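Please open the model in your viewer and keep the selection panel at hand, as this tour moves from one residue to the contact between two chains.

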Amino acid sequence: MAEQFVLEIRGTTGGYADNTVLHGVDLAIPAGSWTTIIGANGAGKSTLLKLIAGIIACRSGRVIFQGTEVTRLSALERLRAGIGLVPQGRCNFPLLSVAENLLLGGYSRRLRRADLARESAAVVARFPQLRERWSVDAGNLSGGEQQMLEMAMVLMARPQLLLLDEPSLGLAPGPMQAVFETVRALTAQGITVVMVEQNARQALERCDIGVVLELGRVSLVEPANRVLEHPDIRRSFLGL
Amino acid sequence: MATDPVFLAQLAANGFSVGLGYALAAVGLALIFGILGQVNFAHGELYMLGAFLLFWAMKQLGLPYGIAAVLMAALMAGFGALLAHVVIVPNLDRGFESVVLGTLAVGIILQNAVRLGFGATPLDVASPLESQAFEIGGVLLFGQRMLVCATFLAAFSGLYAFLRYSEIGRAMRAMAQNREACVMVGIDVRRVTRWTGALAAALTGLAGVVISPLFDLYPNMGTEVVIKSFAVVIIGGMGNIWGAAIAGVALGLAESYAGGLGNAAIRDGIAFIVMIAMLLARPQGLFGRTVRV
């Protein structure tokens with residue numbers, strides 16, 4: 001039974017210093033699915049992703065990944081186990097080239113340099129626009145290209161579960177489409193994607209499962225098309 | 001007299017060798033700032049500790065200068081890793097004040113521990129090159145000063161190769177650019193922090209080994225060094241190790257010419273004058289803050 005879900009979260013609480021943001025989150029994510037988490041500012045969306053990735057500690061409850069409890073594992077151990085997070089905003093090495101950024105993306109795997117170079121060529125095959133910018137410093141890429149680069153960097157770690165925090169933030173409609181198309185292609189290859197997204201309607205129109213987070217608790221988990229039709233959601237989050 | 005070319009060349013040789021010493025003494029401070037974004041207020045005491053460890057290894061263990069220097073660099077690397085682990089790692093996500101206070105405390109403890117162990121009377125450490133000098137075209141070159149220059153060259157080319165080609169060196173350059181991205185790709189930032197502390201302390205201790213035979217050893221000897229080091233790091237660009245090298249040489253030359261051609265009294269003020277002018281006109285320093293190789 002547990003094998004159907006790549007990720008299970010049971011009654012987790014967490015937050016920053018004396019500010020508890022998540023008050024008992026329960027969530028189960030099927031393998032190979034694309035889930036979008038929506039919710040108001042401060043609902044705890046980013047905090048939930050950081051808690052799954054092990055960036056912030058889980059104060060109570062459990063996080064189970066591929067049937068194994070990872071609640072006490074560090075962020076690095078979880079990355080090695082197969083949970084990768086692309087944080088919100090720009091998160092790359094701006095003074096290094098696209099090629100060097102990708103090599104660093106595979107840092108956690110302790111591969112030889114020749115193997116790393118071969119893998120980065122394979123990863124970048126999914127991102128044609130990065131191949132053209134191979135020797136350009138990451139800081140000189142456009143916002144959309146940097147988002148693609150960051151996804152490619154995390155893919156170098158070979159995650160089974162990819163967490164994306166606001167991947168379309170600050171992107172024009174064109175690059176945003178490209179990001180969503182890339183995510184769909186990744187799930188087609190068996191990678192499970194959980195994303196937090198402000199462009200809720202565009203994401204829900206494409207993804208499999210919609211999750212609504214309110215005041216640190218999951219208030220709704222439904223197939224994405226059902227969430228789109230939900231009258232309260234349309235009013236509160238979709239502006240319809 | 002002042003325009004005598006041999007005299008001017010002598011001032012240049014003196015300034016250059018003193019300046020490379022400043023650069024060597026400052027690079028550890030620049031490394032910790034550039035890679036970890038932290039200010040190490042125990043920097044001067046690392047230099048002092050290196051000099052006293054050298055004294056101890058030579059006097060108590062009876063080791064020759066060269067072997068004592070290697071032993072000292074290894075001990076300093078271990079101490080630097082410990083300092084980073086105890087003071088910097090737990091404070092990586094806090095404001096810089098925590099590390100400022102923590103390293104300041106370590107500096108005070110080190111000063112007083114050394115005073116307890118060795119006393120406050122100035123000591124002298126002997127180097128085989130101390131009394132050596134040779135002459136090129138009327139310009140005198142002193143053996144120990146030449147050793148400082150050679151050590152600078154070896155240390156900076158070794159540092160360059162380490163940052164450029166080693167696995168941990170690449171991680172250090174990555175951390176200088178974006179620590180959050182390091183966490184994203186699985187670089188162990190605690191491990192990089194310990195390595196940075198080890199490297200910085202070994203280099204600072206090495207500066208103490210080659211420079212201290214020129215002066216006396218006493219528990220507060222780090223104070224003068226730390227002031228010059230801060231000046232060099234601020235002038236060169238906070239955390240920029242190549243900027244620190246160039247600023248060190250520039251400061252050494254400026255002091256040498258000011259002392260030789262002008263008034264010896266203003267020589268020690270130059271570091272402050274340039275530092276204040278730099279903070280007013282170009283606070284990012286000559287080359288800005290990056291550890292780029």
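Select A:T71 and display its surroundings: leaving aside residues up to four places away in sequence, A:T71 touches A:C58, A:G61, A:R62, A:V63 and A:R78. The model is a predicted one, and in it A:T71 sits in the loop that runs between β5 (68–69) and α2 of chain A. With a relative accessible area of 4%, A:T71 counts as buried, because that value is under 20%.

Next, show the side chain of A:T71 together with A:E69 and A:V63. The side chains of A:T71 and A:E69 make a polar contact at 2.7 Å, while a polar atom of the A:T71 side chain also lies 2.9 Å from the backbone nitrogen of A:V63.

Now zoom out and select the contact between the two chains, to which chain A gives 24 residues and chain B gives 21 residues. Together chain A and chain B bury about 1,800 Å², with 64% of that area on carbon and sulfur atoms.

Colour the elements of chain A next: α2 (75–81), β6 (83–86), α3 (98–105) and α6 (143–155) each supply at least two residues of the side that touches chain B. The residues of that side of chain A comprise 16 nonpolar, three polar and five charged.

Which count of salt bridges is found between chain A and chain B? The count is zero, whereas three residue pairs, both members at pLDDT 80 or more, are in polar contact between chain A and chain B.

Methods: Residues are numbered from 1 along each chain as its sequence is written. Chains are lettered from A and ligands numbered from 1 in the order in which they are written. This is a predicted model: local features need pLDDT of at least 70, side-chain atom pairs count only at pLDDT 80 or more; totals for chains, interfaces and linings use all residues. Side-chain values use heavy atoms; hydrogens and water are left out. Contact means heavy atoms within 4.5 Å. Buried area is the accessible area (1.4 Å probe) that two parts lose on being put together, summed over both. A salt bridge is a side-chain nitrogen of Lys or Arg within 4 Å of a carboxyl oxygen of Asp or Glu. A polar contact is a pair of N or O atoms within 3.5 Å; within protein, one must be able to donate a hydrogen and the other to accept it, and residues adjacent in sequence count only if both atoms are side-chain atoms. Helices (H or I, at least four residues) and strands (E, at least two) are DSSP runs, numbered from the N terminus. Ala, Val, Leu, Ile, Met, Phe, Trp, Tyr, Cys and Pro count as nonpolar, Asp, Glu, Lys and Arg as charged, and the others, Gly among them, as polar. Buried means under 20% relative accessible area, exposed over 50%, partly exposed in between (1.4 Å probe, protein chains only).
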